Amino acid sequence: MNRRKAIWRAFAVAVFAVSLCGIAMWNHRLGIMEEDVEEFEWFCSVSHWDPPEWSLEEDTVTGQISRETGVSFTYHIPQKNTDMQLGQMLVKGRLPDVISIMDSGQQKQLVESGKVWDIRELLEKYDSDSPLLEQFPQDVEKILEEAEGGWYNYPSHINSPDMRKLYPPCDDYYWDLLYYQSNEGIMFNRAIMERLGLKVEDLQTEEQALEALRRVKKSGGENGEEWIPLLLNGEKYEQSSMSALSKSFGVKWTDAEGRYRDYYLAPQAKQAMKFLNAAYREGCLDPGQLSYDVEKMQQLLQSGRVFCFIGNLADAGVDEREWEGGIILSSLGDAPTVLSSCQAQVWLHTYISKSCKNPQKIAKWLSFMAGEKGLMLNYFGIEGRDYVRKDGLPERTREGMEGENSPENGFWIFWPFANTTWEKHIERPPKEDSRQAAAYRVQTAMGRYKGAGLYENALVAGLSNDLEEKSDYGDLVNEVKEYRRNRLVPVITADSPEQFEEEYGNFIQGLTDLGLPRLDGALNECYQKRCERFGITLADDYQKIRQK
């Protein structure tokens, strides 16, 4: 008996010793790795970016990045006064190692300071085998050069014809998404539609939509909760709801001569205001909602009480399987117009400071993060645990799906290296009954309507940014925005058709007095330059091009 106890005791001691040895070996291995890893500072102007605290653990995305590149990061993400903080750093000559920003003014200031690397020069000097030197899309490099005089940053969310040659969409689903998807749109609550016996086909004209809003108002609601006939995009209604409804009504951004014109001056925009005014006078639009923040708006949408929502569909925060995407056709007879993004476009710009203490490691990190291995890690996590490959495409495991977007593992959180074109090349289409597929149906409803026009968004998106060198227009741009935000309410809430006409006349006259026609003239010069750059105008309809 004692002999047996002695054997078991010896065995336990041996196991414990082996465990200690293993722990020691792990700590030693991690220690060696920590000595090889160098820490850098990453500044980002996107206040809601929330990357995970950097971990060197092998089973984390950040740990994998460190093992591949020898870098780790601390973050500097200001919640306010971003321009001022970055400006102060620039003046003091103490720039962070990596800088991700989206403001074109800041971008230009960084480049003109001479304190950030030309990306091609950085890679040729410190990572001459980088695939980026050969594979970076020429059309994207061209727009960066036109904006900043050279290739000084790596941009995120690359949507580019040249990159699609390298990474073509893996399915027709993504081609349709490319042409038809728009965040600004209209959707209807399926449950309320079924309760009232309505179909999408019953809601396609101004008259039909207003009649449906009246029916919802008259019906009251269910379970003691009153239905809300129409909800706009809260405090963002002027830029989102007006834009979405005007597009559904067929608004154009150019006049008959092909010159740029603020869409508020188009007759379809007036018709959109008239529709909202009619909804208000029928008691179907509560003006109090025009001051709601996004959280309040989402709460109402998620309550199931809202019948119709017009605005930024990406702001809704709903399960799109409970909604139907739709259109409302103007009584003027125009077909909807949708702005698509088919030309080269990007979002965040990431710069490398020349004061970076180890540019060689940062160059290799840049190449890794922008390359296929880094993209797979960013989007899908660790192979074998978070995803497996089937038919050449990655498929997330249960663990991978549960971990997606979580701060703990870092999936899909390194936004500065998101690549929209690559994403559509590698990710299989969603299942038909998924929320993602439902969101696709809602967001493409307007573009897929027969007769809708699809036009290039890159021709007008952020057009006022092109005016920066003409500083006398900066204040005017802001004054026009503020005026529209404040003076649109009296037009929408006019108490009669006659008062509406009067308020609308005052609204347009106010824009004219501010100098909107002069501003449009300057913006037209910028628009014409973009047309020349892209070789396309707002008269070119992608819908017709696709049908040929």
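**Pockets, cores and local features of the predicted model**

The structure described here is a predicted model. Twenty residues line the second largest pocket, and those nearest its centre are E324, G325, R441, V442 and A445. Strand 10 (323–326), helix 19 (435–443) and helix 20 (445–448) are the elements that give two or more residues to this lining. By residue type, the lining of the second largest pocket comprises eight nonpolar, four polar and eight charged residues.

The protein chain contains 24 helices and 15 strands. Along its principal axes, the C-alpha trace spans about 100 × 65 × 45 Å. Of the 548 residues in the protein chain, 52% are buried. Among contacts with a separation of 6 or more, 78% are between residues 24 or more positions apart.

The largest nonpolar core has 137 residues, and F307 and W365 are the residues that touch the most other members. Helix 23 (residues 516–534) gives the most to this core, contributing eight residues. With residues up to four places away in sequence left out, W365 touches W42, I65, T69, V71, F73, V98, I352 and F417. Another core, of 13 residues, lies apart from the largest one and includes I228, F309, V318 and W323.

No disulfides were found in a search of the whole structure. For C342, which is in no disulfide, the nearest cysteine sulfur is that of C531, 15 Å away. C342 counts as buried because its relative accessibility is 4%, under the 20% limit for buried residues. C531 is likewise in no disulfide, and the nearest cysteine sulfur to it, that of C526, is 11 Å away. A sulfur pair counts as a disulfide only within 2.5 Å. C531 has a relative accessible area of 7% and is therefore also buried.

Two residues with positive phi were examined in loops. H157 is not a glycine, yet has a positive phi of about 50°. The loop that holds H157 runs between strand 4 (154–155) and helix 8 (161–166). With a relative accessible area of 24%, H157 is partly exposed. D391, also not a glycine, has a positive phi of about 55°. D391 is in the loop that links strand 13 (387–390) with strand 14 (393–396). The relative accessibility of D391 is 79%, so D391 counts as exposed, the limit for this class being over 50%.

H425 belongs to helix 18 (residues 420–426). At 23% relative accessibility, H425 is classed as partly exposed. H425 and P168 are separated by 257 residues in sequence, while their C-alpha atoms are 5.5 Å apart in space. P168 is also one of the residues that H425 touches; the others, with residues up to four places away in sequence not counted, are Y167, P169, C170 and L393.

Key
Residues are numbered from 1 along each chain as its sequence is written. This is a predicted model: local features need pLDDT of at least 70, side-chain atom pairs count only at pLDDT 80 or more; totals for chains, interfaces and linings use all residues. Side-chain values use heavy atoms; hydrogens and water are left out. Buried means under 20% relative accessible area, exposed over 50%, partly exposed in between (1.4 Å probe, protein chains only). A nonpolar core is a set of buried Ala, Val, Leu, Ile, Met, Phe, Trp, Tyr and Cys residues joined through side-chain atoms within 4.5 Å. Helices (H or I, at least four residues) and strands (E, at least two) are DSSP runs, numbered from the N terminus. Contact means heavy atoms within 4.5 Å. On a 1 Å grid over the protein atoms alone, a cavity is a set of points where a 1.4 Å probe fits but cannot get out, and a pocket is an open set with protein on both sides within 12 Å along at least five of seven lines; lining residues have an atom within 4 Å of a point. Ala, Val, Leu, Ile, Met, Phe, Trp, Tyr, Cys and Pro count as nonpolar, Asp, Glu, Lys and Arg as charged, and the others, Gly among them, as polar.
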